[in-house]
Amino acid sequence: MLSTPASVTPRPPPHIQERRRWLVWTLTLLACVVLWDAAGQDMALAQLFGSSNGFPMREQWFFVQVLHEGARRLGWLLVLLLTLSVWWPRGVLRKLDTSERLQMAVSALVALAVVSVGKNLSATSCPWDITQFGGVARHVSHWALGVLDGGGGRCFPAGHASAGFAFLGGYFALRRKAPVAARWWLAGALLAGFILGGAQQVRGAHFMSHTLWTGWLCWTTGWLCHMAAQSLRPRFHGLENNGNPSGSTHA
């Protein structure tokens, strides 16, 4: 019987390796967001779109009606469709188990909730409220917790960008059984989040750091939901093949 040499360290199980890999990615993304904050580029970027007279594009029809109101409604419609797909899947979602489809819907809802709670607890005001852009508030870093800037607050992180970023968690649910669709899903969620965040930047509703933090929070929430689903799935094994045509048996 051959024995493993003492110098050879056994490799950790695949799921542990995967968690370590995603932890590295998550911490790397966090470092990038913190570096943006540390560089203090929020005001410089905002000044490209606004002045002491405010933000000229604040009430522009396309940014307000399409990229704000329309995109918000579309985001909630997608959440509703993901929820319904838990029981009535369509398209690529048929490849997933019921529990994986549930993971997609729950991760989106939890990400939206995380951003919404943070936004409602924040004392940070929007760019259009700041004196440099014709408002009444002074510019205070969102790191200055509890410090009031004289404005309305409730502007950090970027709530509207979460209408795109909230779906990042779907990537984790799709990647094992539909890797191509997972990559497209990831790209779509990222693109939507940055487009919506960029539109709000142009209008003066948010600084870029608000959008970046929303993206990171939604990514991290999606990953944590994925790990929770992996841990809980074996305990609810009955959900695995329920509603999955490929898992049906014949007499």
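Q: Which helices do the buried residues of H7 pack against?

A: This is a predicted model. To read packing, list the buried residues of an element and see what touches them. The buried residues of H7 pack against helix H2 (42-46), H3, H5, H6 and H8. Among the buried residues of H7 are Ala 182, Leu 186, Ala 189, Gly 193 and Leu 196.

Q: How many residues does H7 have, and how far does H7 reach from its first C-alpha to its last?

A: H7 has 25 residues and reaches 36 Å, close to the 36 Å expected at 1.5 Å a residue. After H7 comes Gly 204, with a positive phi near 90°.

Q: What span should helix H4 have, at 1.5 Å a residue?

A: The reasoning is the one used for a helix at 1.5 Å a residue. The expected span is 1.5 Å times one less than the number of residues. H4 covers residues 98-121, which is 24 residues, so it should span 34 Å. Its end C-alpha atoms are 34 Å apart, which agrees.

Q: What covers the buried residues of H4?

A: The cover includes helix H3 (61-85), helix H5 (162-165), helix H6 (170-174), helix H7 (179-203) and helix H8 (208-232). The buried residues of H4 include Met 104, Ala 105, Ala 108, Ala 111, Leu 112 and Val 115. Glu 100 and Arg 101 of H4 are buried too.

Q: How many aromatic pairs does a search of the whole structure find?

A: The search finds eleven aromatic pairs. To describe a pair, give the distance between ring centres and the angle between planes; planes over 60 degrees apart count as edge-to-face. The rings of Trp 22 and Tyr 171 have centres 5.9 Å apart and planes at 85°, so this pair is edge-to-face. Trp 22 lies in helix H1 (residues 14-39) and Tyr 171 in helix H6, so the pair ties together parts 149 residues apart in sequence. Both Trp 22 and Tyr 171 are buried.

Q: Where do Phe 55 and Phe 133 lie?

A: Phe 55 and Phe 133 form a tilted pair, 4.8 Å centre to centre with 40° between the planes. Phe 55 lies in the loop between H2 and H3, and Phe 133 in the loop between H4 and H5, so the pair ties together parts 78 residues apart in sequence. Phe 55 is buried at a relative accessible area of 7%, and Phe 133 counts as buried at 3%.

Q: Which residues do ring pairs link into a cluster?

A: Trp 22, Tyr 171, Phe 172 and Trp 219 are linked in this way.

Q: Which ring does the charged end of Arg 58 sit over?

A: The charged end of Arg 58 sits over the ring of Trp 128, 3.8 Å from its centre. Arg 21 lies over the face of Trp 22, at 5.8 Å from the ring centre.

Terms used:
Residues numbered from 1 in each chain as written. Predicted model: local features only at pLDDT ≥ 70, side-chain atom pairs only at ≥ 80, totals over all residues. Heavy atoms only, no water. Helix = DSSP H or I, 4+ residues; strand = E, 2+ residues; numbered from the N terminus. Buried < 20%, exposed > 50% of the residue type's maximum accessible area, 1.4 Å probe, protein only. Contact = heavy atoms within 4.5 Å. Phe/Tyr/Trp six-rings, centres within 6.5 Å; stacked < 30°, edge-to-face > 60°. Lys NZ or Arg CZ within 6 Å of the ring centre and 35° of its normal.
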